[in-house]
Amino acid sequence: MCGIVGYVGGTASAPILVDGLRRLEYRGYDSAGLAVHGPKSIEVRRAVGKLRNLETALSERPLQGNVGIGHTRWATHGRPSEVNAHPHVAGPVAVVHNGIIENHLELRKRLVEAGCKIASDTDTELVAHLVHLEVERGKDLESAVRAALGEVQGAYAIAVLSSLEPHRIVVAKSSSPLVVGLGDEGENFCASDIPALLPYTKKMLFLEDGEMAVLEASSVRVTTLEGKVVERAPRVIDWSPVMAEKAGYKHFMLKEIFEQPRALEDTFRGRLDRESGDIHGHEIGLSDDDARAIRRVVLLACGTSHHAALTGRYFLESLAKIPTTIEIASEFRGRDAVICEGDLVIAVSQSGETLDTLVAAKEAKAKGAKILSIVNVIDSAIPRMSDATFYTHAGPEIGVASTKCFSTQVANMLMFAIWLGRRRDALSADKAAELVEGLARLPQMMADVLTGTRQLVANLARRYVEARDVLFLGRGLSFPIALEGALKLKEISYVHAEGYAAGEMKHGPIALIDNRVPVFVLLPKDSHHERSLSNLQEAKAREAIVIGIATEGDEEARAVSDDLVEVPDVAEELTPFLTVLPLQLYAYYVADFKGTDVDQPRNLAKTVTVE
Ligand code: M6R
């Protein structure tokens, strides 16, 4: 949560900082602010709400100066208000921060006793005061930040300015992400995430926990918090800036829905071995012997990633015949869950920074589990603590509602299950080859479904936009898709929606049904088809408005559905990739017709680094 950005160089910093914040706004949008070294001192502008409010403030009172820091906030300590907005200033020091200072109560008490005047309710302002006290004791900024952080417990990525040292920014990190961008033309950058820096540089240094850096226009020096020099080569990121733009779409979410065929091609590149009908699994970090020695897989994830992991359980049990359990990461933590010898833990996360998933994976690792992660953001916290990472390669996902990352996570789960199934002699060569071939054909099929169903689904969204409750039902692999359809609708349109295992409906939720409730029933031609059809009829008998998501040519489904969305006939394992698409589009269009903020829905943030 929260995004920070910094610039030091030879040109006006404010436009670069605002541009960076725009690309980080998905991390939070309760308030935004900048601090820039002006001709005499540090000047600050802050505004509550979206970035555009800060831009208005800046147009009324521009900031001049070539060194500055910026912040976009997702409120944790203190409600969204100007006084709680970052940057926070104490004496000559200004600080922006992403994270949570855990010992903030004790620090606040101590600072008040020391005579500090604390203006805000935030934990961040306390860091500014701690650094200021160290500067007053005669330390330079780098030493002052180092000393101050010695008193801080919790998660932070911070960027700090001092008007006494107007040519540098000091940054530091523990748990929260921080990337340093190395510019070519006498300028350097920092940010919470890669997309903020893409228009300026592709050369990036990823700071590790317990490291800090001093950024000047012509140098970047990285050290540990203890002062030991760190030598690390930058990585060149091959994402293009255009990947983080809307490219003519009204919203990032719509662009990302339509990007799925391309994203999957990237996910499959170098991994599908069509000749031998197998998966190239070198990134999985397991030898064939390791694969055979696994006794159980434990999947950890949150939100949409949890739904992708649920599909993974089906794949792993049916294709690799391996016992698989799945945990909501926040419920795994601190529960004293049992990890046994031979357990492989898979952490699934788009951002690679979700605190619940990160901490759960760390707990599992401490208990002796080997950790494989399925993550999108390169070199983020979860890959760094994992034994191996099977990246999704979906490219930057900006919309808060995850779409292309879901499909690519499901793809990685399926590829992993095929790879494991072959090594464990649980999956026949023919079936593996059929699936590999099917995966290779999926991107084109997904593109066809998207273009073929877009208008129909938009019409459905228009017709049912006022529905107050919506149900999504599915069995087998369609159950996680039902959950995902409901989550998408809830999070961006604020409509109450429930995803249910279709067979469970009769045990309670059927009572919700009347003639005002649209019920989406996922019933592709799979091993559950007949029973799903019965569930559809049960909903219909209670006068629900029934929308079937079915295989092309399914006349039975057509006969009993009020509306039918058809997808091509594919192997059962591939159905989730197609059936999820109309549900993503439905959620998108309902939200768009309602006029909600599709890419930045209320109360949410893209990366959830709080518990
Ligand atoms: O970055 P992660 O995949 O770990 O994030 C997990 C959830 O916070 C995320 O999937 C969330 O549920 C999305 N808003 C869903 O669209």
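Asparagine 535 is buried, with a relative accessible area of 2%; buried denotes under 20% relative accessible area, exposed over 50% and partly exposed in between, with a 1.4 Å probe and protein chains only. The model is predicted, so that local features need pLDDT of at least 70 and side-chain atom pairs count only at pLDDT 80 or more, while totals for chains, interfaces and linings use all residues. Residues are numbered from 1 along each chain as its sequence is written, and side-chain values use heavy atoms, without hydrogens and water.

Asparagine 535 belongs to helix 16 (residues 529-541). Helices (H or I, at least four residues) and strands (E, at least two) are DSSP runs numbered from the N terminus. Leaving aside neighbours within four places in sequence, asparagine 535 is in contact with Arg475, Ala502, Gly503 and Met505, where contact means heavy atoms within 4.5 Å.

Attention now turns to the aromatic rings. Rings of Phe, Tyr and Trp (its six-membered ring) pair if their centres lie within 6.5 Å; planes under 30 degrees apart count as stacked, over 60 as edge-to-face and the rest as tilted. By this rule there are eight aromatic pairs. Phenylalanine 416 and tryptophan 419 have ring centres 6.2 Å apart and planes at 20 degrees, so they are stacked. Both residues lie in helix 13 (residues 404-423), three residues apart, about one turn of the helix, and both are buried.

Phenylalanine 472 and phenylalanine 520 are also stacked, at 4.9 Å centre to centre and 10 degrees between the planes. Because phenylalanine 472 lies in strand 22 (residues 469-474) and phenylalanine 520 in strand 24 (residues 518-523), this pair ties together parts 48 residues apart in sequence.
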